[in-house]
There are 2 protein chains.
Amino acid sequence: MNNSMHPKEILRGHVTQIVSLTDEQFDHFFSRFTLKSYKKGQAIITQGAKVEHEYFVIDGYLKTFYINDDVKMFILQFAMPTWWASDYNALYNGAKATVGVDCITDAQVLCLSNADREKICSELHEVERFFRWRTNRGYVASQKRLLSLMNNDARLRYEELMAQYPALYNTVPKHLIAAYLGVSRETLSRLYHT
Amino acid sequence: MNNSMHPKEILRGHVTQIVSLTDEQFDHFFSRFTLKSYKKGQAIITQGAKVEHEYFVIDGYLKTFYINDDVKMFILQFAMPTWWASDYNALYNGAKATVGVDCITDAQVLCLSNADREKICSELHEVERFFRWRTNRGYVASQKRLLSLMNNDARLRYEELMAQYPALYNTVPKHLIAAYLGVSRETLSRLYHT
DNA sequence: TGTTTTTTGTGATCTATGTCACATCTCAGG
DNA sequence: CCTGAGATGTGACATAGATCACAAAAAACA
């Protein structure tokens with residue numbers, strides 16, 4: 001929970017990796033965002049509710065999850081600083097949320113409405129490019145995960161995840177990691193105790 | 001293998017669902033594409049090779065697949081007319097292909113190079129918007145599939161797939177459907193014979 | 001039209017994971 | 001400094017689905 005940089009700088013650094021905006025352009029872009037703080041455990045998007053915004057994580061960890069009829073939870077994404085999260089299906093299609101988003105730790109996020117995103121995308125070609133890039137990146141990551149799920153067993157998936165995001169090990173409870181890997185809590189526990 | 005519409009009309013119809021282009025703009029857009037024909041079984045992208053293009057399917061069926069070290073195949077996508085296919089990771093990052101694309105049936109595709117896509121995206125804001133939309137759609141579909149894979153058993157996944165794309169049933173061999181669902185050929189066979 | 005390949009079905013195992021049932025353990029809050 | 005809820009470990013057992021091994025249609029093709 002310690003990040004000395006200002007939210008604005010963090011977003012700027014993130015966007016600048018892909019497109020260059022003048023100070024005025026970035027100010028305009030940034031003006032559409034609202035900074036919000038949430039506490040550990042707090043819900044940002046609730047399954048079944050209307051979805052109006054997407055969220056850029058400044059600080060803390062979020063999770064994007066789905067709970068099925070058997071009250072079993074599956075995690076689609078752990079969102080860490082500089083990641084984006086929302087129910088993009090609901091957001092783009094005006095549908096009710098099928099996935100929820102909430103806070104694993106206290107968190108600070110920049111909140112952008114769907115309408116505002118579309119507006120700045122229209123106003124600034126560069127911003128549109130940025131969002132195209134961002135979505136593409138998400139798509140590629142999602143495909144990779146699909147492959148890993150079909151191809152690898154639980155242990156390998158676990159090792160991959162830990163290799164890529166070691167920070168998760170002592171930040172999020174194991175049963176959430178299990179829900180991300182698509183295995184039961186018990187199986188995950190057995191993985192690293194043998 | 002019978003599609004009376006001209007490739008150009010098909011692409012135009014597809015793009016127009018999302019953005020509106022003048023005739024001149026669309027002509028310019030279309031001029032970057034090359035029409036290619038492939039025969040059943042022919043490879044379009046080979047694992048390990050360089051990837052320069054993405055493909056818009058006019059006619060026929062493609063598959064996007066991954067073959068692991070045990071020579072086991074997993075199918076990421078069946079691409080049907082008006083769908084796009086490529087190894088987007090390789091394409092965007094200049095990496096070697098980790099997934100292959102080939103033809104399940106004879107096929108006609110419109111081929112667009114990465115460089116040309118970026119060029120027209122820069123030239124025409126509307127085209128950039130179109131590609132943002134397209135990728136977003138792919139992302140959402142991919143997330144949905146991830147969820148289905150974690151949540152549902154083989155039978156349910158099979159039924160979902162058949163409900164959504166009944167055409168697959170008598171177009172692609174069952175072992176490919178199995179490779180898409182992430183189950184063995186034998187298990188799939190048992191699913192609808194019991 | 002006869003002969004290879006592909007594709008598909010089915011039985012007999014084997015195995016990774018899920019499920020259920022408790023026992024700890026660890027903290028956050030009172 | 002308690003105390004109760006959430007987090008974790010572990011045994012026993014159940015099971016979906018994988019694998020292996022053939023057999024036999026069906027399709028490709030020469």
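How many residue pairs are in polar contact between chain A and chain B? The count is 19 residue pairs, both residues being at pLDDT 80 or more. A polar contact here is a pair of N or O atoms within 3.5 Å; within protein, one must be able to donate a hydrogen and the other to accept it, and residues adjacent in sequence count only if both atoms are side-chain atoms.

Before we look around, some ground rules. This is a predicted model, in which local features need pLDDT of at least 70 and side-chain atom pairs count only at pLDDT 80 or more, while totals for chains, interfaces and linings use all residues. Residues are numbered from 1 along each chain as its sequence is written, chains are lettered from A and ligands numbered from 1 in the order in which they are written, and side-chain values use heavy atoms, with hydrogens and water left out.

## Where the two chains meet

Strand S5 (73-79), helix H3 (88-93), helix H4 (114-123), helix H5 (125-151) and helix H7 (174-181) of chain A each give at least two residues to the side that touches chain B. Helices (H or I, at least four residues) and strands (E, at least two) are DSSP runs, numbered from the N terminus. H5(A) provides the largest share of that side, 19 residues. By type, the residues on this side of chain A are 18 nonpolar, 11 polar and 7 charged. In this sorting, Ala, Val, Leu, Ile, Met, Phe, Trp, Tyr, Cys and Pro count as nonpolar, Asp, Glu, Lys and Arg as charged, and the others, Gly among them, as polar.

In total, 36 residues of chain A are in contact (heavy atoms within 4.5 Å) with 36 residues of chain B. The size of an interface is often given as the accessible area lost when the parts come together. Between chain A and chain B, the buried area is about 3,600 Å², and carbon and sulfur atoms give 62% of it. Buried area means the accessible area (1.4 Å probe) that two parts lose on being put together, summed over both. Arg132(A), Tyr139(A) and Met150(A) supply 21% of the area that chain A buries against chain B, more than any other three residues.

Let us visit Arg132(A), which sits in helix H5 of chain A. Is Arg132(A) buried or exposed? Arg132(A) counts as buried because its relative accessibility is 3%; the cut-offs are under 20% relative accessible area for buried, over 50% for exposed, and partly exposed in between (1.4 Å probe, protein chains only). Not counting residues up to four places away in sequence, Arg132(A) touches Tyr92(B), Arg117(B), Glu118(B), Cys121(B), Glu128(B), Phe131(B) and Arg132(B).

## Charged pairs

Side chains of opposite charge can pair when their charged atoms come close. A salt bridge is a side-chain nitrogen of Lys or Arg within 4 Å of a carboxyl oxygen of Asp or Glu. Over all chains there are 32 salt bridges, and 6 cross the interface of chain A and chain B. Here are some examples.

| Salt bridge | Closest N to O distance |
|---|---|
| Glu128(A) and Arg129(B) | 2.8 Å |
| Arg134(B) and Glu54(B) | 2.4 Å |

Asp102(A) lies in strand S7 (residues 100-103) and Lys63(A) in strand S4 of chain A, so this pair ties together parts that are 39 residues apart in sequence. Both Asp102(A) and Lys63(A) are buried.

In chain B, Arg117(B) of helix H4 (residues 114-123) and Glu54(B) of strand S3 (residues 53-59) are 63 residues apart, and both are buried. Arg134(B) of helix H5 (residues 125-151) is 80 residues from Glu54(B), and Arg134(B) is buried too.

## Inside and on the surface

Within the largest nonpolar core, which has 80 residues, Leu11(A), Phe29(A), Leu62(A), Leu11(B), Phe29(B) and Leu62(B) touch the most other members. A nonpolar core is a set of buried Ala, Val, Leu, Ile, Met, Phe, Trp, Tyr and Cys residues joined through side-chain atoms within 4.5 Å. Leaving aside neighbours within four places in sequence, the contacts of Leu62(A) include Ile44(A), Phe78(A) and Val109(A).

Two loop residues of chain A deserve a look at their backbone. Val71(A) has a positive phi of about 60° although it is not a glycine. Val71(A) lies in the loop between strand S4 (62-67) and S5 and is exposed, with a relative accessible area of 68%. Thr82(A), also not a glycine, has a positive phi near 75°. Thr82(A) is in the loop between S5 and strand S6 (84-85) and counts as partly exposed at 30% relative accessibility.
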